[in-house]
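This report looks at a few backbone details and their surroundings. Please have the sequence and the structure open while reading.

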Amino acid sequence: MEDFGSASLRKLLDAFPDAVQATHADRGDATVLVEASRIVEVLQFLRETGGLDFDMLMDLTAVDYAGHPDRDGPRFEIVYHLLASQHFHRLRVKAGVPEMPCQIDSCVAVWPAANWMEREVFDLYGVRFRNHPDLRRILLYEEFEGHPLRKDYPKERRQPLIGPRN
Amino acid sequence: MAHVRTLDDDSEQDLHADHQILNMGPSHPATHGTVKFLIELDGETIVDLDIQVGYLHRGFEKECESGTWYQAIPYTDRLNYNSAILANIGYCLTVEKLLDIETPERCQWLRTMGGELSRLGDHLTRCGAACLELSAMTPFLFGIEARELTWDLMEILCGARVTSNYLRIGGVKHDMHASFPGVCRENITKIRALLKDYEAVVTQNRLFVDRLRGTGMISKEKLIEYAVTGPLLRAAGIPMDLRKDQPYLKYAEVDFDVPIGEVGDNYDRYLVCVEEMQQSLRIIEQCLVALEKIGPGPVNVDDPRVRWPAKGRVFNQMEELIQQFKAVTEGPLVPAGEAYQAIESANGELGFYVVSDGTAQPWKVRCRPPSFINLQPMPLMLKGAMLADLIPTFDFLNMVGGECDR
């Protein structure tokens, strides 16, 4: 699997020498950090190139690095976990998103699975996905104020009560 | 609530031309799971479906980020409360990946066995409750009686019936009780008999088959596009099972089959689940044999970073007392980095993605919930179907609110 990880990274590097910012295979997880503005292109390439065939977007989430001791750079990172179901290879793709403007292109057109996952990231982190077909909150309700998984959202914060709605 | 459709053609304007919006849930007696469906109906045909989840959102990730690495384990119990140990396994394996820990052999067998017991309980709930929601009480009682037997075993194994909290980072809470293998074999015999009764009532039952055959269908390609995993994907004929494809714990050493379906309708999903229960029973038996073969031994890794000293030593030795104190008040330090580890839970790929900044608190704990992701393509399975088809389709998706909404 490590071999494939490095082989797929090499293919990606050859195709996008300027979009790939960093790679590592820490703890056996092949990882690539790409430039956020090229994310859809890269994901499309990973999905459609023969030999790579990352046909499943297993997971999409975000990490808020605000206040992280040894990090400077964009505040958020969007993390994609891909799986090639024929070869059973995995790849992690990451892209940095700054606090302002807090947005990145949606990959719903590449994998429809991204729809709810991106809605969840929007709901909990407040990252907007450009060209998302239906960017609504999903786990929380419309009247909820703020985005609770941001590091500056206090755990004890109370939300206004809303009445029944129909 | 009526919704008036604008009609181009007046000739269509008869009494039943208007689509109706039906609000189903969030607590509907015919669904197990707290979820709301907004269904647009043309007569009894489903035109469109909006699924609204989130009623059981408890802030799992936020809570994990504000405790120590150990304190997240009880929260993982409450993700899929039908199969708590499987979520424990997913989380602990991920943290162990960050710590680069290999657990002792006996611990791995115990985890494998506990996980399969959990899977069995989960499938029994799914198949039993599905019958209940299709108005069949008897098979539900067979299923629930068998699930009670798995919970009795769980109680002997870890002291709790549902939220087990059995795993520890680098091990399990304790070894199984001496009475466990005997009771387990007895209960397996009883569960097999109950499953036989259950299948005798259900599998060839005309009413049951008619409601499941050909309903909730979706193509393989769509399932892959929507990252659907677990019994749903296998029922469509794709033999993807992480226990075989990316073996973890002791799955490479046990003998079991991965059942697959042909067309991927609800009936295939039912057959796959029933067969998986038989396979789980097989795995549990093999685990018992293996545990007896390797004999007594440590069930926790002897790593000072995560070890909990034995209570006897804590009260008598200074170093152990200090270690216990630090383990409780500070918690283990996990090296900085990130890791993703997926396991095959009862619903599909249950993944954990954790990020550590090197302190005793997780920076991020993400759970990839199979229930949530498998639920997403449900409208595609039901567009054009009858309203009554929603019930079995939702049953076999087996959305578990705790895991879906976290």
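Where in chain A is the place of P101(A)? In this predicted model, P101(A) belongs to the loop between β5 (89-97) and β6 (103-105) of chain A. The peptide bond that joins M100(A) to P101(A) is cis, with an omega of about -10 degrees. Most peptide bonds are trans, and most residues other than glycine have a negative phi.

| Residue | Phi | Loop |
|---|---|---|
| D53(A) | about 50 degrees | between α2 (39-48) and β3 (56-64) of chain A |
| L249(B) | about 45 degrees | between α10 (242-245) and α11 (266-294) of chain B |

D53(A) has 18 other C-beta atoms within 10 Å, so D53(A) is partly exposed. L249(B) has 21 other C-beta atoms within 10 Å and is therefore buried, since the cut-off for buried is 20 or more.

Is G401(B) buried or exposed? G401(B) counts as buried because 21 C-beta neighbours lie inside 10 Å. Apart from neighbours within four places in sequence, G401(B) is in contact with G33(B), T34(B), V35(B), Y55(B) and L56(B). As for V272(B), 129 residues away from G401(B) along the chain, the C-alpha atoms of these two residues are separated by 22 Å.

Note on methods:
Residues numbered from 1 in each chain as written. Chains lettered and ligands numbered in written order. Predicted model: local features only at pLDDT ≥ 70, side-chain atom pairs only at ≥ 80, totals over all residues. Buried ≥ 20, exposed ≤ 12 C-beta atoms within 10 Å, placed from the backbone. Contact = placed C-beta atoms within 7 Å. Helix = DSSP H or I, 4+ residues; strand = E, 2+ residues; numbered from the N terminus.
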